[in-house]
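Okay, thanks for coming, everyone. Let me put the thing on the screen and then walk you through it.

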Amino acid sequence: MIETRGLRKSFGARAVLDGIDLRVAPGESLCVIGQSGMGKSVLLKCILGLEQPDAGQILWQGRPLDHGTRRDFLRHFGMLFQGAALFDSLSVWQNVGFRLRQRMPDREARAIAIDKLARVGLGPETADLMPAELSGGMAKRAGLARAIADDPAVIFFDEPTTGLDPIRARRINGLIRGIVDETGATAITITHDMDSVSAIGDRVAMLQDGHITWQGTVEAMQDAVPLADFLGRAPM
Ligand SMILES: Nc1ncnc2c1ncn2[C@@H]1O[C@H](COP(=O)(O)OP(=O)(O)OP(=O)(O)O)[C@@H](O)[C@H]1O
């Protein structure tokens, strides 16, 4: 369970997060949507400890995330970065096995990396390639393999379909949903791609002007009046 209570963060006079209350149950897949600049990345950074909130709490398994508990939390989390963010100087398997190599011999880490690459549809021949040799879609898959390499309990997906054409985007969405179902991981996806929301999410929260203006199931989203603008249609 991940929960934020009354989370606030301002930059200058602008309250980017103005009292955010969110709960994500174990094994649940939550999508956070919002227009560009609405604070989705700031929310993510607060959860990861990269930004210090002005007020409020973030809890994991019922415990507030502080210096000690966040280290434990970070050991159990995996992340797919926007644009994949692979380390250029490491091969594909070294990227995927980055965390594993800190606690096991390379031979073992490589075997797990190759297994995770297979899970995302990349063959063993990709293991020794460098990131520069991958297409955008392959890099995204390798980033996904890295996110799941250490069998995380919580996975963040930051704009998973950015930069992909619709066909590749659909494949990545399908892969993500399959992995979330298979592993039982808790998933938080930040996106403004409604196809991702439908494919990946159980629940949706809309972030607008510092507040969560709507939360509900993906099914309920279609009829939600506050989402009409975002979805680009008149309310039903
Ligand atoms: N370190 C910072 N200093 C000042 N302003 C910041 C800082 N970080 C974020 N902001 C501002 O906070 C607002 C929210 O930014 P954020 O990156 O969270 O948006 P976003 O919803 O993720 O947008 P996008 O979908 O475009 O990535 C923006 O107006 C941004 O300029």
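Helices (H or I, at least four residues) and strands (E, at least two) are DSSP runs, numbered from the N terminus.

Now the caveats. This is a predicted model, so local features need pLDDT of at least 70 and side-chain atom pairs count only at pLDDT 80 or more, while totals for chains, interfaces and linings use all residues. Residues are numbered from 1 along each chain as its sequence is written.

Six bridges join β9 to β10, residues 211-217, and the two run antiparallel. Gln208 sits opposite His211 in β10. It's a hairpin with two residues between the strands, and Asp209 there has a positive phi near 50 degrees.

On to β3. Strand β9, residues 203-208, pairs with β3 too, in the parallel sense, over four bridges. Look for Val32 opposite Ala205 in β9. Strand β8, residues 186-191, also pairs with β3 in the parallel sense, this time over five bridges, and there Ser29 stands opposite Ala187.

How enclosed is β3? I'm calling a residue buried if 20 or more other C-beta atoms lie within 10 Å of its own, exposed if 12 or fewer, and partly exposed in between, with C-beta atoms placed from the backbone. Five of the five residues of β3 (residues 29-33) are buried, so the strand is largely enclosed by the rest of the structure. Both faces are covered: Ser29, Cys31 and Ile33 on one side, Leu30 and Val32 on the other. Take Ile33 as an example: with 25 C-beta neighbours inside 10 Å, Ile33 counts as buried.

An open one of four strands has the order β2-β1-β4-β5, with antiparallel pairing. β2 (14-24) and β5 (63-64) stand at the edges with a single partner strand each, so one side of each has no neighbour in the sheet. Strand β4 (residues 55-60) and β5 are joined by two bridges, and Leu59 is opposite Pro64. The loop between β4 and β5 holds Gln61, whose phi is positive, near 50 degrees, in a residue other than glycine. Gln61 is partly exposed, with 14 other C-beta atoms within 10 Å.

Now the ligand. A residue is near it if its C-beta atom, placed from the backbone, lies within 6 Å. Around the ligand we get Phe11, Val16, Gly34, Ser36, Gly37, Met38, Gly39, Lys40, Ser41 and Val42. Helix α1 (residues 40-48) gives the largest share of that shell, three residues. By class the shell splits into four nonpolar, five polar and one charged; here Ala, Val, Leu, Ile, Met, Phe, Trp, Tyr, Cys and Pro count as nonpolar, Asp, Glu, Lys and Arg as charged, and the others, Gly among them, as polar.

Last stop, the helices. The expected span of a helix is 1.5 Å times one less than its number of residues. For α4 (residues 106-119), with 14 residues, that gives 20 Å, and the end C-alpha atoms are 20 Å apart, which agrees. In α4, Ala109, Arg110, Ala113, Ile114, Lys116 and Leu117 are buried. They cover an arc of only 165 degrees around the axis, which puts them on the same side of α4; the arc is that of the directions from the helix axis to the C-beta atoms. What do the buried residues of α4 pack against? They pack against α3 (92-96) and α5 (136-148), where contact means C-beta atoms, placed from the backbone, within 7 Å.

As for α5, eleven of its 13 residues are buried. The cover over those buried residues includes β6 (77-80), α3, α4, β7 (154-158) and α6. In the loop between α5 and β7 you'll find Asp151, with a positive phi near 45 degrees. With 11 C-beta neighbours inside 10 Å, Asp151 counts as exposed.

Methods. Two residues are in contact if their C-beta atoms, placed from the backbone, lie within 7 Å. Two strands pair if DSSP finds at least two bridges between them.
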